[in-house]
Amino acid sequence: RERGLPPGPPTFPLIGNLHQFPTSFAHLKFTKWAQVYGDIISVKLGPQTVIVLSSPRLVHECIDLRSATTSDRPSLHIAKLLYDDNEEIAIARYGPTWKALRRAAHDILSHEACMKHLPIQHAEASQLMYDLLERPKGLYTHIYRYSASVILSVVAGIHCPRFEGSIIEDFDSMIRQLEYIMRPGGSPPVDLIPLLKHIPSRWALWKTKAREVRAAQEKLFFGILDHCVDRIKRDERNDCFLEYVLDHQSRYGLDYRKMAYLGGTLLMAGSDTTAVFLRWFVACMVTHPDVQMRAQQEIDEIIGLDRSPVLNNIERLPYLRAIINEVHRFRPVTPTAMPHTTTADERVGDFLIPKGATIFMNVWAIYHHEDYFDNPELFDPERYMRSELGAKPGADTTGLRNDLGFGGGRRICPGSNLASNSISLNTMNLLWAFRFLPRKDEVTGFPIPIDLNSYTGGLVVFPTPFQCEIIPRSEAKADLIREQFTAALPTFELFEQHTSL
Ligand code: HEM
């Protein structure tokens, strides 16, 4: 470890900490290291330096305030096999291409733009309730269909009425393969030992897999854009984002391929994340019936029984807002956010963060730290009723935010408005409509427990699929859900209905 770097686990000659670097559940290992070496640590991967920040003050200082030099992404060999010239916005290097993509993303995801997407979000949320009413066992795919169809509709003007056999299912399967090859350890450390890149393809499984995923992405991404072009030719526009980008190519400076990739990568970035939040929400409701009942009482008092909630009702539901903040804190969807890279040397206190270092914001460690939260391992929305940030009395809350899970600085998630609207709308709807109970074992009759500590260990942390009973709170509500779904059908008709591209 070079002089001046923050402390960290002892290194081995040449490889540094490569042998200890986590290939899954990175947030847990980072948090253990933070407990031993402090809120800012350095980890060496050969010559590469990785910095992990585990306090809100340091995240604010390094990621938010110094975003001019901490907004790059790591250069990854595997990304170069998958993409041309920074066309994937989330992993694009900081530069003109990323700026053009980000500007376009802002035009569709800003607060004002999201107001225009509300009708589709309301209609899709009606379908989610309807799907759960009719086929409650499909919770996982219904939620995914919801979040992917919202984005596909606003980006490409395509509504997916079902998951099975649709483009959404193809996306889902492509994303799983992508995660598999992009996971740490998914390919040999080519970025550290460039010679490895010359291994012939027949012995390098990761190259074959990357080619397959690249081909699958091209088919999906171009398929979506070609669809919009055909719709324009047929004079059947539906005012979606890609139509606008096609019409204003010079404003964005994006060629056909980059436009296709912008649409596709927005869908990739936005569908899993929102769905994972909603799955965690349901898991927390099943395991905390007292919290569920209290939120339902609040909803019944404010909304009443004879209509379902609309987005702005959230402002009058402080306990539900507390639940949302607590789910973000208790099970952040991306517990280490996404890695940033520095484009210049930076000094933080006595420490050096060298140019080219990769920085992780350890959201998990911050949200699970006893310095900031009482009993951080407990799911307890009440903490957000006592204080805006959920923090314990007297805690140093410099830099603490309720939206740390959306990252920070110039790379902060541009989809947070769309995601937050989806989250508010669906958490209100689901609690208004249903009771979420543990499923009973058919043989023993005992409730099947849900283990909130059981989840996947990648960048996005999925709860292990769980079982639960989803029961409408009354027959009157069930009727209303059916009526609302029927009333939503004309909204869907504005969009193309996807069966197969
Ligand atoms: C609960 C839902 C979501 C969570 C927790 C989430 C979280 C994140 C995080 C942590 C990052 C990295 C930020 C950083 O580097 O500092 C990110 C980036 C990104 N997100 Fe989200 N996100 C969510 C929903 C969405 C949605 C709905 C969209 C779009 C429709 C979206 C689009 C993106 C894009 C395009 C990036 C890359 C930004 C860049 O690198 O400049 N996200 N998100």
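Modeller: Let us begin with Glu301, which is exposed, with a relative accessible area of 67%. This is a predicted model, in which local features need pLDDT of at least 70 and side-chain atom pairs count only at pLDDT 80 or more, while totals for chains, interfaces and linings use all residues. Residues are numbered from 1 along each chain as its sequence is written, and side-chain values use heavy atoms, with hydrogens and water left out.

Colleague: Why is Glu301 called exposed?

Modeller: Exposed means over 50% relative accessible area, buried under 20%, and partly exposed in between, using a 1.4 Å probe and protein chains only. Glu301 has 67%, so Glu301 is exposed. Glu301 is found in helix α13, residues 289–303, where a helix is a DSSP run of H or I with at least four residues, numbered from the N terminus.

Colleague: What makes Gln217 buried or exposed?

Modeller: The relative accessible area of Gln217 is 0%, which is under 20%, and therefore Gln217 is buried. Gln217 lies in helix α9, residues 205–233, and touches, among others, Leu82, Tyr83 and Met174, not counting residues up to four places away in sequence; contact here means heavy atoms within 4.5 Å.

Colleague: How do you know that Arg383 forms a salt bridge with Glu326?

Modeller: A salt bridge is a side-chain nitrogen of Lys or Arg within 4 Å of a carboxyl oxygen of Asp or Glu. The closest N and O atoms of Arg383 and Glu326 are 3.2 Å apart, so the pair meets that definition. This pair links distant parts of the chain, with Arg383 in helix α16 and Glu326 in helix α14, 57 residues apart. Arg383 is buried at 3% relative accessible area, and Glu326 is buried at 0%.

Colleague: What is the distance between the closest N and O atoms of Arg93 and Asp72, which form a salt bridge?

Modeller: Those atoms are 2.7 Å apart, which lies within 4 Å, so the name salt bridge applies. Arg93 is partly exposed, with a relative accessible area of 32%, whereas Asp72 is buried, with 5%.

Colleague: What makes Cys413 a donor to the iron atom of the ligand?

Modeller: Donors are N, O and S atoms within 2.8 Å of the metal (3.2 Å for Na, K and Ca), and sites may look incomplete because water is not among the atoms. The SG atom of Cys413 is 2.3 Å away, so Cys413 counts as a donor, the single one from the protein. Cys413 lies in the loop between α16 (382–386) and α17 (416–433).

Methods
Helices (H or I, at least four residues) and strands (E, at least two) are DSSP runs, numbered from the N terminus.
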